[in-house]
Amino acid sequence: MTDIDALAARLRAAIGARQVLTDRQELRTYECDGLAHYKVIPALVALPRTAEQVAAVVRACAETGTPFVARGSGTGLSGGALPHADGVLIVTSQLRDILEVRPEDERAVVQPGVINLHVTQAATPHGYYYAPDPSSQQICSIGGNVAENSGGAHCLKYGFTTNHVTGLEVVTPDGERVRLGGAAPDAPGYDLLGAFVGSEGTLGVATEVTVRLTRLPETVRTLLAGFSSTDQAGAATSAIIAAGVVPAAIEMMDALAIEAAEAAVRCGYPAGAGAVLIVELDGPAAEVAAQFDEVSELCAKHGAFETRIAADDAERALIWRGRKSAFAAVGRISPDYIVQDGVIPRTALPAVLRRIGEVAAEHGVRVANVFHAGDGNLHPLVLFDDAVPGQASRAETVSAAILDLCIEHGGSITGEHGVGVDKAKYMPRMFSDDDLDTMQLVRCAFDPDGIANPGKVFPTPRLCGERPGRHQGTHPRHEAGVAEIF
Amino acid sequence: MGALDELTSPAGDGDAVCGVPARLVAAPRDTAEAAALVTAARGLAVVIRGGATKLGWGPPPRELDLIIDTRRLAGVVEHAAGDLITVVRAGTPMAELHGLPGQQLALDAPPSATAGGTVAANASGPRRLRYGTARDLLIGITVVRPDGTITKAGGKVVKNVAGYDLGKLYTGAFGTLGLITECVFRLHPVPAASLWVRAVAPPLHAAKILAGQFAASALEVNAGPGAEPELAVLLEGTAAGVRERAAAVAELLGGEVSPEPPQWWDVPPWPADGVGVKLTGRLSQVPALVATAVGAGATVRGSAGAGVLYAGLAVDQGDAGVTADQRTVEAGRAVELLRAAAVRAGGHAVVLTAPAGVRETLDMWGPVHGLALMRRVKDQFDPGHRFAPGRFVGGI
């Protein structure tokens, strides 16, 4: 095991005494990310202020075989930034400069600790914005977004972080600084940028991010429709998609989620609704006007009993407030809850929602449903009271059953929160051993010693065998299976 | 060699890659057979061939024993219209995917190109401005690794962050990491209406379109020596919306609205025996890049909205006064000029194709960031360096 005192001394010399924390009280601040029921106190926290300092910290880790975990704002919901007890936590929040805003190139260059919303704020005066908008966008960092391939409400139309990052400077787990991609698209060679985004800190630390800026739309129109059931709201969603409309967002909340949101922020959603849909269209005015009429008609046709159209930005904000506050709002109606994140094909929505209801009833647990209906990304909130013996484990059972439902219907165990430490054990349900082994070939290329965020994403680490570049001959397992060659 | 004999046949006259003949060809019928073939072909140098529309892109293979033809791995496995996705076998012609009922795979490619080949070559066209490229549209993939292992990544839903996004790694890998046998794509609705605006206008005016509120699906430039540069803009959407926007674009550029694209739309600007170069750069540098290329005698086309251009140079074959050596030197000089301009623009110049004799003398890929990491990835996937050896960056 690493001599932490010696490592701390080395890091203090490299990045400054005040940038290295070893005091147990100070370390406790970093014991968890947004998934607070996993807690580990790191051996050491490093707060580098430059990319070169990040590289120096990683080099020190590599040379001493010390595990490291990168952390941005710590808002992740899968325990991706959960520290390693014997390792270094590299906090990127002091790398927080917006280096370039170039509307003429539709690009911005930022450091990893920059807050997501600040990129949009820097670009807005020029008529541009940064499209990925996770609900935590007021506090989450771009570096964290890169690690998690964060989504948001508007990714139905605009895609995810991976579609909006064109270049990175990363520190690889051996401490090298490498550029992947750039300001221009289609950099020649393997798309290591594409592999890095969403790799949850297991391939290295991003130290500079070049993002695509998107032109602010001419028009944004938002509609809130109340339905008596999620079935109706689901049918309306399918009809909108089938009509060839691609809204910027289609969000759904069920009765319990509406109740929580009302209690928390008094968003004034239609009384007595079994489900609400928020549909947002954006783009050129003429297009939006035509499609908005179509969407309103389709909602009415599928049973919307009340439809509200935001007349201005304030009304739009009110409609969104209910949705964006939903996770926290559930705290008003339940002392404890699990936020689940799974994906199903959009067409399976009614069937899966019914089944979630049944499973919840079987276990005597309430589930509030909030989700990105347009792309089938469910966020069921499983409610429980930890003070009542047995409730927590029943909630866990229901939460796990929901993921099984997602897999059963050909979906995914995570749409945007990531695998992290929380869902590594579910990976074999979605992928075969060979699939996971193949992903880890990339891991071995970047991090043969497995020191970058170990224990995350993969349930079982792969032994990387010989050092990369010296591996000759074919896979040994395979060698055994093809005797006829000899 | 029993299995190999069963699954392969002797190569014919056409079974060559950039002039390098193969000994054997094979056309597996499904993923399982493809895996058996790759397993049996252990030790052989392999190049994968789809519709062969881009087989000539890249340097010739260092060695070649076996061509794996994917065209029997064809057909749409699933089209889930309500979910806007399709599952297709790799050898499926793109023509089939451009015309799914009411929906489309919005990836420009020649009709005879295959889905797998289009992904492997990371080919794209004008509509990338709106829909992105293969990396944005591919949501799941099945690959037979060079050791014969069948492996999947991604899935059948668009929103999915479970595990590494290996689809992106295989996209544009030119078949150096394994054999793609199945792809899952995100689809888009076929727009109700489409119109083009064509204008004689300098590339600089493309910025006006980008800064406006036209939501163009494509913004293409066409320029060459001795001709006025042109811009063409594709607008898609509702009939009324498209008419309105097209009229506004036409007024801004001083152009004309047309129901048809110009003749040069999505046509590579190089002659069959010419040099074709892909140029990328910052959007603001597109005019400078076009000017340099035209100055070097090239015809340039491509997306002024995405910063991806294609330059075509004719290599004079017939002129009796020019020696083969001189032609080679001239082509090399032109490529160096384009490459320097692309680097100044923040991008790259990659030679996609060149005539025999010239091809061998060019550094087709040019300098690449992160090459050491790329070599490590290759070593992990294909330690014997048997898949498309020498065809990729840095001799990978």
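**Figure 1. The contact between chain A and chain B in the predicted model.** In this predicted model, the contact draws 81 residues from chain A and 77 residues from chain B. On the side of chain A that touches chain B, the elements that give two or more residues are the strand β9 (177-181) and the helices α7 (192-196), α8 (230-242), α10 (285-301), α15 (427-430) and α16 (433-446) of chain A. Of these, α16(A) gives the most, with nine residues. Sorted by class, the side of chain A that touches chain B has 34 nonpolar, 32 polar and 15 charged residues.

**Figure 2. Domains of chain A.** The domain assignment divides chain A into domain 1 (4-91), domain 2 (98-215), domain 3 (218-327), domain 4 (334-420) and domain 5 (427-475). Between the C-alpha centres of domain 3 of chain A and domain 5 of chain A, the distance is 44 Å.

Figure 3. Because 28 other C-beta atoms lie within 10 Å, A:Val382 is buried. Leaving aside residues up to four places away in sequence, A:Val382 touches A:Tyr337, A:Ile338, A:Gln340, A:Val365, A:Val367, A:Ala395, A:Val398 and A:Ser399.

**Figure 4. An open sheet of four strands in chain B.** The strands of this sheet follow the order β1-β4-β6-β5 (chain B), and their pairing is mixed. Strands β1 (9-10) and β5 (46-49) of chain B stand at the edges, where each has a single partner strand, so one side of each is left without a neighbour in the sheet. The partner shown in detail for β5(B) is strand β6 (residues 66-69) of chain B, and these two strands pair in the parallel sense over four bridges. Within this part of the view, B:Arg49 stands opposite B:Asp69, a residue of β6(B).

**Figure 5. The span of chain B annotated in UniProt.** According to an unreviewed UniProt entry, the feature "domain: FAD-binding PCMH-type" is placed at residues 17-190 of chain B. In the model, the C-alpha atoms at the ends of residues 17-190 of chain B lie 36 Å apart, and the span is 20% helix and 28% strand.

Methods
Residues are numbered from 1 along each chain as its sequence is written. Chains are lettered from A and ligands numbered from 1 in the order in which they are written. This is a predicted model: local features need pLDDT of at least 70, side-chain atom pairs count only at pLDDT 80 or more; totals for chains, interfaces and linings use all residues. UniProt positions are given in the numbering used here, feature names are shortened, and annotations may be inferred rather than shown by experiment. Domain bounds come from an automatic or database domain assignment. A residue is buried if 20 or more other C-beta atoms lie within 10 Å of its own, exposed if 12 or fewer, and partly exposed in between; C-beta atoms are placed from the backbone. Two residues are in contact if their C-beta atoms, placed from the backbone, lie within 7 Å. Two strands pair if DSSP finds at least two bridges between them. Ala, Val, Leu, Ile, Met, Phe, Trp, Tyr, Cys and Pro count as nonpolar, Asp, Glu, Lys and Arg as charged, and the others, Gly among them, as polar.
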